[in-house]
Amino acid sequence: MGSDDVMAIALLLSHREIPIEAITVVNGLAHVPAGAANARRLVQASGRSSVLVMEGRETPLQRTADFPREWRESSDQPLTEASLPAPASTERADAWLSRRLKDAAHPVRILALGPLTNVALALPSASPKAVEEIVIMGGAFRVPGNLGDGGAFKTTNTTAEWNFFVDPEAASRVFRSGVPLRVVPLDATSRVKLDAAFLARFQREAHGPLAAIVGKVLNGEREMIDQGIFYAWDPLAAAALLDPGIATWTPAHVTMRLTGNEAGRSVMEPGKPNANVALDASREWFEKLFLQAFAEH
């Protein structure tokens, strides 16, 4: 639950016409219990009490490194001080996903905003037509990776993106699964920089409890915004789930590097396409979609 995760989930929760069954939490920027608590705070703010929040795996299938400690400490902080009701479900996320994805009569779309551990564990038991599509924020193809961003993590790996790097084996399994995939990598998110003008418009035009939380996390990123290094990472993936026209898609055969100095690198190779990859996106389209979602409350 980094700030961009909060923005992405809040964007979907704000569209009340879109049914959301569950938010499943994985070992990402926040530790799993803290991330789940903040997901429940978002659900509570949205008023959509039917949305389940479940904790998932706290360990990857393939360990490389966790997100930097200081980033995780920040992401673990409560979004609000509101008291939380008891969880509606204590089922583990990977178990729930495995059971849910057996139901081919009611296919689902999955938005994956972090490492793919929970999804990779669930897909082997999925019915062939149970997954309509998975939209994934992850990877870097024709741009550098982001492991060195901010200098918090020392590495010579310049090609990997964090979500895939935290669990390369899980990402590899998902790309080999055969389910329909859309990938929103750093190539596309680098086209959607969120600047001070965007923040000012959001503060002026957005309304409601979800907007208040998003406004708080955006203010917390004011330094990065002013430096011109804050992008719509996860929110762009959520926007692409809502409206695929926001990005330019390229069919590709994607594989993962699992070892060595390129562990976690996503690569386009010759072969039958197994994913549609967004190599470009519209900043103007994103801003319009995002601001409208919170202006209507």
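Contact, as the word is used in this briefing, means heavy atoms within 4.5 Å. The structure is a predicted model, in which local features need pLDDT of at least 70 and side-chain atom pairs count only at pLDDT 80 or more, while totals for chains, interfaces and linings use all residues. Residues are numbered from 1 along each chain as its sequence is written, and side-chain values use heavy atoms, with hydrogens and water left out. The secondary structure of the protein comes to 13 helices and eight strands, where helices (H or I, at least four residues) and strands (E, at least two) are DSSP runs numbered from the N terminus.

**Overall form**

- The radius of gyration, taken over C-alpha atoms, is 18 Å, close to the 19 Å that the globule rule gives for 297 residues, so the protein is as compact as a globular protein of that length; the rule itself is 2.2 Å times the number of residues to the power 0.38.
- Along the principal axes, the C-alpha atoms fill a box of roughly 50 × 40 × 35 Å.
- Of the 297 residues, 55% are buried, a term that means under 20% relative accessible area, with exposed set at over 50% and partly exposed in between (1.4 Å probe, protein chains only).
- Among contacts with a separation of 6 or more, 79% are accounted for by residues 24 or more positions apart.

**The open sheet**

- Six strands form an open sheet of mixed pairing, in the order β3-β4-β5-β8-β6-β7, and two strands are said to pair if DSSP finds at least two bridges between them.
- The edges are taken by β3 (108–112) and β7 (266–269), each with a single partner strand, so one side of each is left without a neighbour in the sheet.
- From one strand to the next, the twist averages 35°.
- β3 and β4 pair in the parallel sense over five bridges, and I110 stands opposite I134 in β4.
- β6 and β8 pair in the antiparallel sense over six bridges, with A278 in β8 as the bridge partner of W249.
- β6 also runs antiparallel to β7, to which four bridges join it, and H253 stands opposite E269 in β7.

- V254 lies in strand β6 and, at 2% relative accessibility, counts as buried.
- Leaving aside neighbours within four places in sequence, V254 is in contact with F141, F175, S266, V267, N274, A275 and V277.

**Helices with buried residues**

- Seven of the eight residues of helix α7 (residues 168–175) are buried, so α7 is largely enclosed by the rest of the structure; what covers its buried residues includes α5 (117–122), β4 (131–137), α6 (162–166), β5 (181–184), β6 (247–256) and β8 (275–281).
- In helix α4 (residues 93–100), the residues A93, W96, L97, S98 and R100 are buried, and the buried residues of α4 pack against β1 (22–25), β2 (52–55), β3 and α5.

**A packed helix pair**

- Helix α12 (residues 233–242) and helix α13 (residues 283–295) pack at an angle of about 85°, with their axes 10 Å apart.
- That angle makes α12 roughly perpendicular to α13, a class that covers 65 to 115 degrees, beside roughly parallel under 35, roughly antiparallel over 145 and oblique for the rest.
- P235, L236, A239 and L242 of α12 and F286, L289 and F290 of α13 make the contact.

Note on methods: Axes are lines fitted to C-alpha atoms, for helices over the stretch in contact, and angles run from 0 to 180 degrees between N-to-C directions.
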